[in-house]
Amino acid sequence: MEKNNKFGLLIGAGAIAGISFILLNPKTKSKVKDTSMNAKDSVVSYTQKIKDNPNGTKQYLIENAKQTLSSAQQALEKVQNVWANEGQEIKETAKNIVEDTKELGDHAKDVQEGMKDAKSDIDEAKNTAVKTGKKMKKDNKSNGSSNDTDHHVLDEPINKM
């Protein structure tokens, strides 16, 4: 309860400070005065129109409301048409994106499988090459041959002059 009292006092103090500022500032004071006078004149003028011609004013307000409602309905129809057309296009685009993404995923899986097959083939080729190399070394050792070749190397230079 005491908090509400303090809160009310703070609001009142703020309002007094705001009004004081307005009254101390000549430009703001003049602007507030002019705005108040214009508002008063508008209300008086409108009230006078209603008193002079209540049915005419009523009809004017009804026609104005109907025109405003009609304009709002036209705007709503335009928005609905745009949404219907663009919304359908957005749906189709989203559907295409989903289909393209699935297709890309399938291609990625195919590439992955192809890479596994290629790796398998490369591993098989490597194993075959290693086995062949080992077999050749083994064959060379079992034949008693060393790194000897079938050509003859001379100890003397070929071109003697």
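This is a short talk on a predicted model of a protein chain.

Hi everyone, two notes before we start. Residues are numbered from 1 along each chain as its sequence is written. Because the model is predicted, local features need pLDDT of at least 70 and side-chain atom pairs count only at pLDDT 80 or more, while totals for chains, interfaces and linings use all residues; side-chain values use heavy atoms, leaving out hydrogens and water.

Let's begin with the whole chain. It has three helices and zero strands, in the order α-α-α along the sequence. Here helices (H or I, at least four residues) and strands (E, at least two) are DSSP runs, numbered from the N terminus. Of its 161 residues, 1% count as buried. On our scale, buried means under 20% relative accessible area, exposed means over 50%, and partly exposed lies in between (1.4 Å probe, protein chains only).

Now, where is Thr-57 found? Thr-57 sits in helix α3, which covers residues 54–142. Thr-57 is buried, because its relative accessible area is 13%. Leaving aside residues up to four places away in sequence, Thr-57 touches Tyr-46, Lys-49 and Ile-50, where contact means heavy atoms within 4.5 Å.

Next, the charged side chains. A salt bridge is a side-chain nitrogen of Lys or Arg within 4 Å of a carboxyl oxygen of Asp or Glu, and that rule gives a count of one. Asp-123 pairs with Lys-119, with their closest N and O atoms 3.2 Å apart. Both lie in helix α3, four residues apart, or about one turn of the helix. Asp-123 is partly exposed at 30% relative accessible area, whereas Lys-119 counts as exposed at 52%.
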